[in-house]
Amino acid sequence: MIDLLVAGGGPAGLATAVHAALAGLETVVVEPRHTPVDKACGEGVMPSGVRALAALGLDLPRGHPLRGIRYVREPDRAEAAFADGPGLGVRRTDLHAALARRAVEAGVRTVTGRVGDVAQDAGSVTAAGLRARWLVAADGLHSPLRRRLGLDAPVGGPRRYGQRRHYRMRPWTDFVEVHWAPAGEAYVTPVAEDLVGVAVLSAVRRGYDDHLVDFPALRARLTGPPANAVRGAGPLRRRARRRAAGRVLLVGDAAGYVDALTGEGVALALASAEAAVRCLTEGRPQDYDRRWRALSRRHRLLTHGLLACAGRPAGARLIVPAAARAPAVFRAAVRALS
Ligand SMILES: Cc1cc2nc3c(=O)[nH]c(=O)nc-3n(C[C@H](O)[C@H](O)[C@H](O)COP(=O)(O)OP(=O)(O)OC[C@H]3O[C@@H](n4cnc5c(N)ncnc54)[C@H](O)[C@@H]3O)c2cc1C
């Protein structure tokens with residue numbers, strides 16, 4: 001019997017596996033896709049996420065340093081630098097490859113496959129033909145395991161979707177820029193010296209280029225050719241009734257997700273991975289749900305608050321002017337996120 005089986009080899013699953021292997025647990029990751037895995041993502045890793053990657057002993061991919069966050073709704077703009085070191089704009093494929101390499105170095109075994117049925121008893125859990133003491137479900141936003149275990153919780157509010165594409169050009173900024181429009185937001189992340197990612201988030205379902213029409217100032221900036229096809233994801237908001245069921249713990253997006261608007265998914269995925277392994281190695285898996293709520297609370301409150309404003313026509317119009325007029329408040333919010 002192995003110690004830990006991890007379903008899903010995205011950032012959450014690989015970080016869980018590396019932490020577990022470094023703590024001496026025999027760990028196997030089951031992932032259906034081949035390395036490096038790409039995905040619709042804004043690709044801005046917040047400073048806390050960069051620190052969490054460094055703590056895994058990772059050779060950080062080069063990417064593009066991020067100095068802070070800027071909100072734009074012409075003619076208003078508000079910006080604040082991160083207080084505690086830079087964030088990192090990085091292609092998902094580069095991040096995934098670096099995490100996968102680190103997992104191999106740490107002694108993690110990876111199996112190509114998909115985790116389906118799960119059976120558990122008092123001392124073990126069996127899935128994908130493997131028996132383990134514990135299973136971590138890190139199978140993403142739509143987490144088939146969360147559903148199978150009866151942990152899916154209903155979500156309210158508008159269903160929002162995200163799409164992203166890259167442009168082959170020199171970035172004009174080292175900030176993550178969030179551009180606001182009535183129907184949604186577009187956010188820009190420099191991810192390399194010659195590559196800029198633009199993600200659009202909205203409850204309105206239409207094509208990427210139709211969304212971009214709402215952001216004329218941003219469109220004028222996008223002078224380089226599209227570097228790849230559009231990738232999409234959603235609905236974004238997901239809730240779990242709780243983050244543990246018997247010998248299974250949920251980490252990363254599988255544990256619940258509010259929205260991509262605050263760009264914290266990877267940082268939270270890494271933090272939940274670390275917390276889950278700590279709970280297992282301390283012999284206190286029952287603490288994980290409480291620790292997850294504590295580590296994600298600030299992010300959840302901020303993101304829900306922003307979405308509540310953005311969802312009202314007056315709110316969406318006022319967010320950027322209000323942030324520009326109250327720089328100390330905006331700075332505090334950016335620091336809370338970082
Ligand atoms: C449009 C958009 C923009 C975003 N922008 C940002 C941003 O700027 N910054 C940021 O930090 N975050 C951002 N995020 C969020 C971020 O992408 C996620 O929070 C992060 O990828 C979560 O990692 P994860 O490992 O939990 O899930 P994933 O990365 O989705 O990985 C889950 C893995 O599980 C595998 N899997 C699925 N089913 C099974 C199964 N049955 N068995 C085994 N494996 C399975 C999948 O193949 C996948 O590789 C954004 C998200 C979206 C949608």
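The shell around the ligand divides into 15 nonpolar, nine polar and nine charged residues. Nonpolar here covers Ala, Val, Leu, Ile, Met, Phe, Trp, Tyr, Cys and Pro; charged covers Asp, Glu, Lys and Arg; the others, Gly among them, are polar.

Before I go on: this is a predicted model, with pLDDT of at least 70 needed for local features and 80 or more for side-chain atom pairs, while totals for chains, interfaces and linings use all residues. Residues are numbered from 1 along each chain, and side-chain values use heavy atoms, without hydrogens and water.

Back to the ligand. Of the 33 residues around it, Glu31, Gly42, Gly44, Tyr187 and Asp253 come nearest; the cut-off is a heavy atom within 4 Å. Helix H1 (11-22), strand E2 (27-31) and helix H7 (265-281) each supply at least two shell residues. Those elements are DSSP runs, at least four residues for helices (H or I) and at least two for strands (E), numbered from the N terminus.

Now polar contacts, meaning N or O atoms within 3.5 Å. For Tyr257, a polar side-chain atom sits 3.5 Å from a ligand nitrogen. Taken alone, the ligand exposes 1,000 Å², and the protein buries 95% of that (Shrake-Rupley, 1.4 Å probe).

Next, the largest nonpolar core: buried residues, under 20% relative accessible area, joined through side-chain atoms within 4.5 Å. Of its 60 residues, Leu5, Leu53, Leu135 and Tyr288 touch the most other members. H7 gives the largest share, nine residues. Apart from this core lies another, of 29 residues, including Ile69 and Tyr187.

Definitions and conventions: A polar contact is a pair of N or O atoms within 3.5 Å; within protein, one must be able to donate a hydrogen and the other to accept it, and residues adjacent in sequence count only if both atoms are side-chain atoms. Buried means under 20% relative accessible area, exposed over 50%, partly exposed in between (1.4 Å probe, protein chains only).
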